[in-house]
Amino acid sequence: MDFSLTSEQEMTRQMVREFAERKVSPVIKEYDRSHRPNLDALGRMAELGILGICIPVRYGGAGMDYICLGLACEELERVDTSLRVVMSVHTGLNCLGLFQWGSEQQKQRWLVPQARGERYAAYALTEPGAGSDVVALAATARREGDVYVLNGEKMWISLAAVAHNFLVFAKTDPRAAKAHRGISAFMVEREMAGVTTGDIHGKLGVRAGSTGWISLADVEVPVENRLGEEGEGFKIAMSCLDNGRYTVAAGATGLIRASLEASVAYAHERRTFGREIAEHQLIQQMIARMARDYEMARLLCWKAGWLKNQGQRNTRETSLAKWFATEASFTAASDAVQIHGAYGYSDEYDVERYLRNAKGACIYEGTSQIHELIQAGYALDHRGDRPLRCELPAYDPGYWQT
Amino acid sequence: MHIVVCTKHTPDTEAKMTVDGAGNVSWGESPLIINPWDEYAVEEALVLRDEHGGKVTVISMGPQEALEALKHAVAMGCDEAIRIWDETCAGSDTLATSYVLARAIEQMGDVDLVLFGKSAIDAQTWQVGAAVAKRLGAPSLMYTIKVVELDPDARSITVERLLEEGRQVVSATLPAVVGTTKGINEPRYTSFIGIRKAAKMEYPAWSLDDVGAESDKVGASGSGVRWPEVFAPPAREGEAEMIEAETVEQQAAILVDKLLAEKVI
Ligand SMILES: Cc1cc2nc3c(=O)[nH]c(=O)nc-3n(C[C@H](O)[C@H](O)[C@H](O)COP(=O)(O)OP(=O)(O)OC[C@H]3O[C@@H](n4cnc5c(N)ncnc54)[C@H](O)[C@@H]3O)c2cc1C
Ligand SMILES: Cc1cc2nc3c(=O)[nH]c(=O)nc-3n(C[C@H](O)[C@H](O)[C@H](O)COP(=O)(O)OP(=O)(O)OC[C@H]3O[C@@H](n4cnc5c(N)ncnc54)[C@H](O)[C@@H]3O)c2cc1C
């Protein structure tokens, strides 16, 4: 067994960390307060190749492995959640979905520009009436000759107002006996007639991120934009989540670390009853728990990333990492606010932002309750994983880097 | 053009330094990084190489850990990297360090330009660059804030130096030694292609024999500086006083009175 990072992984971590500290940290409060996405930083991320970090060089990516993807997410979210969310939807949910399920032509057409960061991508599953209950989605795709006509409303979609390409899930067979077999996946482009988007305002957190709605009104989507087979949409959606959830878990790990670092620094600064608050055992307890949870979350993420590198199915491990890390990040952020006292309650310090952001991650990409059900399902043998028609390829440096 | 950048590994800027009773300095578990000021030297070298062609070699005198600095420089885009080390190098002062570096540069033979950071963030003597220039018999252009012109054919370089009283434009012949300062450029991030190259590359380690250096001129015995005592600086004690008043104007007036009384203004 070997828990050490390779030189490439270590340098990747260092690079993303420097980027986040130099480019995001100094301005994040400003963007968060004004509810604006930091498109400038996003552009730099694209130029640096971070958006295509684990995509093979031949498909426009940086050719690094899945552990590097996780490390990048951890370092980004250690500073702020919003750019990690971009990694989750652009890289995790969309690019890796194309990489796993796309035909060669589809990869050339969408994956290459996305991995290069020339086009931003989103993932549109949730609707006003369907979140956890995915098969309840109401968007439809009606086949008419060489096109599908898409109609429906997507809601709570990260990058809705920013992305160029959307991976949209809609029902090709709304009356399918097994409802999940009636769903198909499509690459929809912003330029297509009938696509309109907007931002949702008044969010608790991820305020420097764009979250919005997409309306599809008689959008004519060519047949060649369908990802996978007709009726394969549910499986595609779920397999994409195996990758998106991994990035969320790794990001939450970074948020725990940020909470821990802020708490340790403040505990040394602040004095009460004649000594540093770091000397009080009840403060120490909160800090000890953060240290414990950081280590646990990180190990769960590394395990999931390692399984991806090996090309092994990791639905269970990824769900576990996501569930644990996000819940632990919320507790860590909440305790960090507690340790900061009234100052933690003000946006002069970063910890209140951590708390607001952490809550979101306990909701998107499977609520904590959904992950509990998944874990119970595995433990009780109520669910198992069947091989997919297209599996996420194992990391092979030779193939990735040429 | 063959440009050489000299770099040193230093503890991370957030590292906490401790000194024990015996005078041993420790940076704890802190990761070692490239001396942050050297990133400006690397960046300038890469810009000049891209403009004039040629290659950039990054060198460091240091133990195994110095590889971290070299790797970072390669991941930024340097072409080659060489580490120079021998157990006898331990404890070298700036006299000895500059001797070894100058020998190594002479060994390479075809060097046109040698770049340095302004200082190393740990020992902060600001000496190594100038000392290497002296040893090479090359012009020393320290505190350079801008390379105005580099003409490889005419074998000349013109730079702007940042001095306390203002700026000075000077020209010199190549080979020359340039000490960079913050502000000369904005160092680039490492790139993924660079990271992969840095991770795979072989880093030749040159010994004192390889560079033709005499061992009695390096290390503690070859150093002019002795460290009779090393101790952590006493923690700075300061007192903060909050000025209370009805209005900001009143607060400002009280502040001015206090500053006058303290003879600060
Ligand atoms: C900031 C943000 C970004 C998002 N980005 C995206 C995106 O990019 N793409 C996308 O498609 N979606 C996105 N979402 C939507 C997100 O995935 C959904 O909100 C999530 O899946 C939950 O769905 P819901 O909000 O409809 O809640 P519901 O499904 O209505 O759930 C309400 C509550 O009921 C619980 N619950 C539901 N079913 C059960 C059950 N069987 N047993 C026990 N409890 C249950 C839930 O855990 C929750 O507590 C985003 C959401 C947010 C907040
Ligand atoms: C832990 C520790 C122990 C030390 N022990 C001793 C000791 O026992 N005796 C003693 O006399 N001194 C000792 N020193 C100090 C030593 O003299 C200097 O670190 C060294 O000579 C370089 O000087 P500087 O760090 O001040 O570099 P500066 O002169 O401030 O650096 C200027 C530039 O020179 C270049 N440079 C500096 N060092 C190197 C290098 N090794 N390789 C390549 N390029 C370089 C870089 O470009 C740097 O930006 C110690 C320092 C440390 C941190």
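Trainee: Is A:Thr81 buried or exposed?

Mentor: A:Thr81 is buried, because its relative accessible area is 1%, and buried means under 20%, exposed over 50% and partly exposed in between, with a 1.4 Å probe and protein chains only. Before we go on, please keep in mind that this is a predicted model, in which local features need pLDDT of at least 70 and side-chain atom pairs count only at pLDDT 80 or more, while totals for chains, interfaces and linings use all residues. Residues are numbered from 1 along each chain as its sequence is written, chains are lettered from A and ligands numbered from 1 in the order in which they are written, and side-chain values use heavy atoms, with hydrogens and water left out.

Trainee: Where is A:Thr81 found, and which residues is A:Thr81 in contact with, leaving aside its neighbours within four places in sequence?

Mentor: A:Thr81 is found in helix H5 of chain A, residues 81–101; helices (H or I, at least four residues) and strands (E, at least two) are DSSP runs, numbered from the N terminus. Leaving aside neighbours within four places in sequence, A:Thr81 is in contact (heavy atoms within 4.5 Å) with A:Val206, A:Leu255, A:Asn357 and A:Tyr364.

Trainee: What joins the side chains of A:Thr81 and A:Asn357?

Mentor: A polar contact of 3.2 Å joins those side chains of A:Thr81 and A:Asn357. A polar contact is a pair of N or O atoms within 3.5 Å; within protein, one must be able to donate a hydrogen and the other to accept it, and residues adjacent in sequence count only if both atoms are side-chain atoms.

Trainee: Changing topic, how many residues of chain B are in contact with chain A?

Mentor: In chain B, 18 residues are in contact with 22 residues of chain A. The two chains, B and A, bury about 1600 Å² between them, 59% of it on carbon and sulfur atoms, where buried area is the accessible area (1.4 Å probe) that two parts lose on being put together, summed over both. B:Tyr189, B:Phe192 and B:Arg196 supply 51% of the area that chain B buries against chain A, more than any other three residues.

Trainee: And how many salt bridges are there between chain B and chain A?

Mentor: The count is 2 salt bridges between chain B and chain A, a salt bridge being a side-chain nitrogen of Lys or Arg within 4 Å of a carboxyl oxygen of Asp or Glu. A:Arg22 forms a salt bridge with B:Glu39, and their closest N and O atoms are 4.0 Å apart. On the side of chain B that touches chain A, the elements that give two or more residues are helix H2 (67–76) and helix H5 (192–200) of chain B, and the largest share, 6 residues, comes from H5(B).

Trainee: What about B:Gln107, where is its place?

Mentor: B:Gln107 has its place in helix H3 of chain B, residues 94–108, and is partly exposed because its relative accessible area is 42%. Leaving aside neighbours within four places in sequence, B:Gln107 is in contact with B:Trp206, B:Asp210, B:Val211 and B:Gly212. The C-alpha atoms of B:Gln107 and B:Ile243 are separated by 63 Å, and these residues are 136 residues apart along the chain.

Trainee: Last one, how many helices and strands does chain B have?

Mentor: Chain B has 7 helices and 13 strands, and buried residues make up 44% of its 265 residues.
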